[in-house]
Amino acid sequence: MKQKTHPLHPDISEDMWGKIDKIIASGKGIPGSLISVLRESQEVVGYLPSELINHISHGLVLPTSQVFGVATFYSFFSLTPKGRHTIRVCTGTACYVKGIKEAIGRIHGTYGIKEGETTEDRKFSLEGVRCLGACGLAPVMIVDKDIYGQVTSDKVINILEKYE
Ligand code: FES
């Protein structure tokens, strides 16, 4: 049987499609394999574009709605591209009172992103989280694995400029 041609997608190379097909083949017919197929495919591409979801649903012979449902249910799956660096700003009460909102506003003004968004050049993704458990350092921001306290709107851009 002629193999189905892969959907065209700027973020998925031929090589990636090859890996994805192997992942799908290893999960095909195995009950409960959908989550691991999605997780491994996301590791290959970095996120789950809709073309990839369609391809997985076709490959595993599952309804697309079911695959979309699982991909949107779990927070570790992303349907949009992620930046090279993830900025997590704490929107808990202590950080809110100490001015995280102004720092978030500065990030938005400089990079044009709100919570849940990624810059066009895919440098930064911005996420809001509730209380990072370091309220004594409020307002708190984590970039990748680096934690920053007393992040005022004056300091926030200087911190982010350190990231390539
Ligand atoms: S409220 Fe921000 S660390 Fe607790």
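Visitor: Which residues does Cys90 touch, not counting residues up to four places away in sequence?

Guide: The model is predicted: local features need pLDDT of at least 70 and side-chain atom pairs count only at pLDDT 80 or more, while totals for chains, interfaces and linings use all residues. Residues are numbered from 1 along each chain as its sequence is written, and side-chain values use heavy atoms, with hydrogens and water left out. Contact means heavy atoms within 4.5 Å. Not counting residues up to four places away in sequence, Cys90 touches Cys95, Ile100, Val129, Arg130, Cys131, Leu132 and Val140.

Visitor: Is Cys90 buried or exposed?

Guide: Cys90 is placed in strand β1; strands (E, at least two residues) and helices (H or I, at least four) are DSSP runs numbered from the N terminus. Relative accessible area under 20% means buried, over 50% exposed, and in between partly exposed (1.4 Å probe, protein chains only). The relative accessible area of Cys90 is 2%, so the residue is buried.

Visitor: What is the largest C-alpha distance among the residues of the UniProt annotation "binding site"?

Guide: UniProt positions are given in the numbering used here, with shortened feature names, and annotations may be inferred rather than shown by experiment. In the record, an unreviewed entry, the annotation "binding site" covers Cys90, Cys95, Cys131 and Cys135. These residues are spread over 46 residues of sequence but cluster in space, the largest C-alpha distance being 9.3 Å.

Visitor: What is the relative accessible area of Cys135?

Guide: Cys135 lies in the loop between β2 and β3. The residue counts as partly exposed because its relative accessible area is 38%.

Visitor: Which residue of β2 is the bridge partner of Ile87?

Guide: Strand β1 comprises residues 85-90, and five of its six residues are buried. Two strands pair if DSSP finds at least two bridges between them; β1 and β2 do so in the parallel sense over six bridges. In β2, Ile87 has as its bridge partner Leu126.

Visitor: Which residue in β3 stands opposite Arg88?

Guide: Strand β3 (residues 141-143) pairs with β1 in the antiparallel sense, over three bridges. Within β3, the residue opposite Arg88 is Ile142.

Visitor: How far apart are the closest N and O atoms of Asp11 and Arg122?

Guide: A salt bridge requires a side-chain nitrogen of Lys or Arg within 4 Å of a carboxyl oxygen of Asp or Glu, and the count by this rule is six. One of them links distant parts of the chain, 111 residues apart: Asp11 is in the segment before α1 (14-27), and Arg122 is in the loop between α6 (100-111) and β2 (124-129). Arg122 is partly exposed at 32% relative accessibility. In the salt bridge between Asp11 and Arg122, the closest N and O atoms are separated by 3.0 Å.

Visitor: What is the N to O distance in the salt bridge of Lys19 and Asp15?

Guide: Both Lys19 and Asp15 lie in helix α1, four residues apart, about one turn of the helix. Lys19 is partly exposed at 44%, whereas Asp15 counts as exposed at 51% relative accessibility. Their side chains meet in a salt bridge with an N to O distance of 3.9 Å.

Visitor: Which residues do salt bridges that share partners join into one network?

Guide: Another salt bridge is formed by Glu43 and Arg39, at 3.2 Å from N to O. These two residues are separated by about one helical turn because they stand four residues apart in helix α2 (residues 34-45). Elsewhere, salt bridges that share partners form one network of Lys82, Arg88 and Glu127.

Visitor: What is the angle between the ring planes of Tyr74 and Phe77?

Guide: Rings of Phe, Tyr and Trp (its six-membered ring) pair if their centres lie within 6.5 Å; planes under 30 degrees apart count as stacked, over 60 as edge-to-face and the rest as tilted. By this rule there are five aromatic pairs. The ring centres of Tyr74 and Phe77 are 6.3 Å apart, and the pair is edge-to-face because the planes stand at 85°.

Visitor: Which backbone nitrogen does the side chain of Gln42 reach?

Guide: Gln42, in helix α2, counts as buried at 14% relative accessibility. Leaving aside neighbours within four places in sequence, Gln42 is in contact with Tyr47, Leu48, Phe76, Phe77 and Ser78. At 2.8 Å, the side chain of Gln42 reaches the backbone nitrogen of Ser78.

Definitions and conventions. Polar contact = N/O pair within 3.5 Å; in protein donor to acceptor, adjacent residues only side chain to side chain.
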